[in-house]
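Here are my notes on the model, for reading alongside the coordinates.

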Amino acid sequence: MNGDPGSAADRENVHRWNAGRDSEAFAALVRRYDPALRRVAAAVLGSAARRDPGLLEDALQEGYRRMLDALRGYRAESEPFVFLAGVVRRACLDTLRKETRARGRTERAAVLGAAGGTEGTGRDPAGDAERAILADRVLAALDRLGDPDRSLVYLRDAEGASVAELADAFRMPEGTVKSRLARARTRLRGILAEEGVEP
Amino acid sequence: MRRDDVRDKALGALLRRAAETAAEASEKVRSGGALGYGAAHLEGAVASPRHPRFSPGRFRVRIVGAAALAACLAAAIVVPALARFRADRELLSSAAEHLSRSLIRESSSFLAELPAASELEAAAADWAGSLFRTDIDL
């Protein structure tokens, strides 16, 4: 999302929302970032998102709800995506905590997870099943990293967030972000190798 | 490009594909099986969150529920307590009536056994005489 020509328009939308609660501006932000934020939620929730795809929807919904007020804290010099991803990440972590407490959802999770994992998109059932299995392994490996390392690695390597943006969003020095990233990547590669997954 | 950068990019691509797969599955569940649920629906959902922290409608329902619960509790606790109180009062009232009747009866028999007034006066004079003796020379 770095250097994206849409960023100026996004900043303007954030400003319009903060100035007059312009719902059109908020909807434009949601439309633009929903696919990327959905991926961020999937990465943060990890294998819980695979077990229960409804959980991801709940977390994302909570993230959007929090965003309504959280946008007031947005500083125009940073990239809107990284800021929004931070809000969604926190919502996901809270949702995960609640989910862990409410283990009564396990049965629903198993049912939904099975549906999500085997049915696929319907275009190529065999390929979809393969992708689903791979996704399970990769997300389980991400789980084992713990937070904030998994969020840092995902946002940096998969979504292209800069180290400076991550340092700002995670409130840590750039040097710490870099060292955490290096350690997390090494560990993730090790876990993936154990699982037989080669990037 | 450095070798490490290439490896990081490959790792990033793998993570992104996994996240996309999970995101697609969740979107499919939400849209009831059809992909392409889209942001239009989401926009509506964001405009009116599914799980608002405060909703006037839900608040009203809770108030009505609390009132109904209070009424049920009143019926279950207060009414039997009132009934018990009333029964106790009747019992006490009848006991008091019985007691007063007995007292009156006893009082009547006591009065009937009392000696006549003249006998009382004579007894009193005797008693006073025993206190103030007249046969002593001062």
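1. Helices α9(A) and α10(A) are roughly perpendicular to each other, because angles of 65 to 115 degrees count as such. Their axes cross at roughly 105° and come within 9 Å. Bear in mind that this is a predicted model.

2. Which residues make that contact? From α9(A) come V163(A), A164(A), L166(A) and A167(A). From α10(A) come E174(A), V177(A), K178(A) and L181(A). By class, the contact of α9(A) with α10(A) has 6 nonpolar residues, no polar ones and 2 charged.

3. Next, α8(A) against α10(A). Helix α10 of chain A covers residues 174–195, and its axis comes within 9 Å of the α8(A) axis. The two cross at roughly 95°. α8(A) and α10(A) are therefore roughly perpendicular to each other.

4. On the α8(A) side, D149(A), L152(A), V153(A), R156(A) and D157(A) take part. They meet V177(A), R180(A), L181(A), A184(A), R185(A) and L188(A) of α10(A). This contact divides into 6 nonpolar and 5 charged residues, with no polar ones.

5. How do α8(A) and α9(A) pack? Helix α8 spans residues 149–158 of chain A, and helix α9 spans 163–170. The angle between them is about 145°, and their axes are 10 Å apart. Their crossing is right-handed.

6. In that pair, S151(A), L152(A), L155(A) and R156(A) of α8(A) meet V163(A), L166(A) and F170(A) of α9(A). The contact has 5 nonpolar residues, 1 polar and 1 charged. L152(A) and R156(A) also meet α10(A).

7. Check the peptide bond between D147(A) and P148(A). The bond is cis, with omega about 15°. P148(A) sits in the loop between α7 (125–145) and α8 of chain A.

8. R21(A) lies in the loop between α1 (6–20) and α2 (23–45) of chain A.

9. Chain B has a helix to inspect. Helix α3 of chain B runs over residues 56–113, which is 58 residues. At 1.5 Å a residue, α3(B) should span 86 Å, and its end C-alpha atoms are 83 Å apart, so the two values agree. Where does α3(B) bend? The bend is at A74(B), by about 30°.

Note on methods: Residues are numbered from 1 along each chain as its sequence is written. Chains are lettered from A and ligands numbered from 1 in the order in which they are written. This is a predicted model: local features need pLDDT of at least 70, side-chain atom pairs count only at pLDDT 80 or more; totals for chains, interfaces and linings use all residues. Side-chain values use heavy atoms; hydrogens and water are left out. Axes are lines fitted to C-alpha atoms, for helices over the stretch in contact, and angles run from 0 to 180 degrees between N-to-C directions. Helices (H or I, at least four residues) and strands (E, at least two) are DSSP runs, numbered from the N terminus. A crossing is left-handed if the near helix is turned anticlockwise from the far one by less than a right angle, and right-handed if clockwise. Contact means heavy atoms within 4.5 Å. Ala, Val, Leu, Ile, Met, Phe, Trp, Tyr, Cys and Pro count as nonpolar, Asp, Glu, Lys and Arg as charged, and the others, Gly among them, as polar. The expected span of a helix is 1.5 Å times one less than its number of residues. The bend at a residue is the angle between axes fitted to the seven residues ending there and the seven starting there. Angles under 35 degrees count as roughly parallel, over 145 as roughly antiparallel, 65 to 115 as roughly perpendicular and the rest as oblique.
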